[in-house]
Amino acid sequence: MDSTQLSGQAQYENDIQPMPTQYDTGMAIRTSLAFNLSVFKEPRGVMRIFHFIFSICAFATTTGFVNYVKFTFSDNKAEFDIEYPYRLNHNVQEILVENNTLRIQLFGNFSSDAEFFVATGVIAMLYTIAVIILYVLFDAMYQSKGIIPLTDFALTTIVAVLWLSGSAAWANGLTGLKMVTDPETLQQQYPKSVVQTGNYSRLSISVLLGFLNFFLWTSDLWFLYKETAWFKLRQGVNEPVTTA
């Protein structure tokens, strides 16, 4: 076979080499994403789903709550809405009762406790979204760079502490809110009135959800610790040395 034939055969073989297609690229991307989604079969991935759901439930039950306090007199009535951020001392009404002007005002400002709790929930939700994106799209980098699992562990610890302090603060604020809107207490201030108010069971659930979030975030620390260099180094030290 002469050199011309050899050159022609080589050119033919080059021409028939399979070229990467858009379909192959799409398949590679889907395979990569499917591989990364397997993180949700691990405890750290499952826990993040719980974090996302219960963080939203905690602050949504607080911000979406509406209650009322209703004063009924012999010839008039007044009604106040109780809603987030629970600045009761901003609620003032003046009504005529027996031809006299009566100023009715609620007391207490529980906005700092409520806003701290809600802010904790929003921070927890946003951080969870960011970490889920990290797990799904950049899990290889998460596993290869030791600083990332350590940072994840530290920030999760901070959020867990925020849940504990925020839930405790909101539990205290809710206790005060119930006290100042208690019908018996208000009737002592306005003895000629009949006071009615709704219940606060939904807000009580929000406090329970806050402490549940603290438990969930604290529980996740063990699974995140196992991803850190601290745990891997300790495991390496504790492995028995085998001799030939």
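Select helix H3 and display what surrounds it: the buried residues of H3 pack against helix H4 (111–137), helix H5 (139–144), H6 and H8. Bear in mind throughout that this is a predicted model.

Keep H3 selected, which covers residues 43–63, and colour its buried positions, namely Arg44, Gly45, Met47, Arg48, His51, Ser55, Ala58, Phe59, Thr61 and Thr62.

The crossing in which H3 passes H4 is left-handed. To see the contact itself, show side chains on both helices: H3 contributes Arg44, Arg48, His51, Phe52, Ser55, Ile56, Ala58, Phe59, Thr62 and Thr63, while the H4 side includes Phe117, Val118, Met125, Tyr127, Ile132 and Tyr135. Coloured by class, the residues of this contact of H3 with H4 divide into 14 nonpolar, six polar and two charged.

Now move to H8, residues 201–225, and colour its buried residues, among them Leu203, Val207, Leu209, Asn213, Leu216, Trp217, Asp220, Leu221, Leu224 and Tyr225. The same check on length can be made here, because the 25 residues of H8 should span 36 Å at 1.5 Å a residue, and its end C-alpha atoms are 37 Å apart, in agreement with that expectation.

With H8 still shown, bring in H6, residues 147–180, which packs with H8 at an angle of about 165°, the two axes being 9 Å apart. That angle makes H6 roughly antiparallel to H8, and the crossing of H6 and H8 is left-handed. By class, the contact of H6 with H8 holds 18 nonpolar, eight polar and two charged residues.

Finally, zoom out and show the whole protein chain, which has nine helices and five strands and, read along the sequence, follows the pattern α-α-α-β-β-β-β-α-α-α-α-β-α-α. Of its 244 residues, 35% count as buried. If you display contacts between residues at least 6 apart in sequence, 70% of them join residues at least 24 apart.

Terms used:
Residues are numbered from 1 along each chain as its sequence is written. This is a predicted model: local features need pLDDT of at least 70, side-chain atom pairs count only at pLDDT 80 or more; totals for chains, interfaces and linings use all residues. Side-chain values use heavy atoms; hydrogens and water are left out. Axes are lines fitted to C-alpha atoms, for helices over the stretch in contact, and angles run from 0 to 180 degrees between N-to-C directions. Helices (H or I, at least four residues) and strands (E, at least two) are DSSP runs, numbered from the N terminus. Angles under 35 degrees count as roughly parallel, over 145 as roughly antiparallel, 65 to 115 as roughly perpendicular and the rest as oblique. A crossing is left-handed if the near helix is turned anticlockwise from the far one by less than a right angle, and right-handed if clockwise. Ala, Val, Leu, Ile, Met, Phe, Trp, Tyr, Cys and Pro count as nonpolar, Asp, Glu, Lys and Arg as charged, and the others, Gly among them, as polar. The expected span of a helix is 1.5 Å times one less than its number of residues. Buried means under 20% relative accessible area, exposed over 50%, partly exposed in between (1.4 Å probe, protein chains only). Contact means heavy atoms within 4.5 Å.
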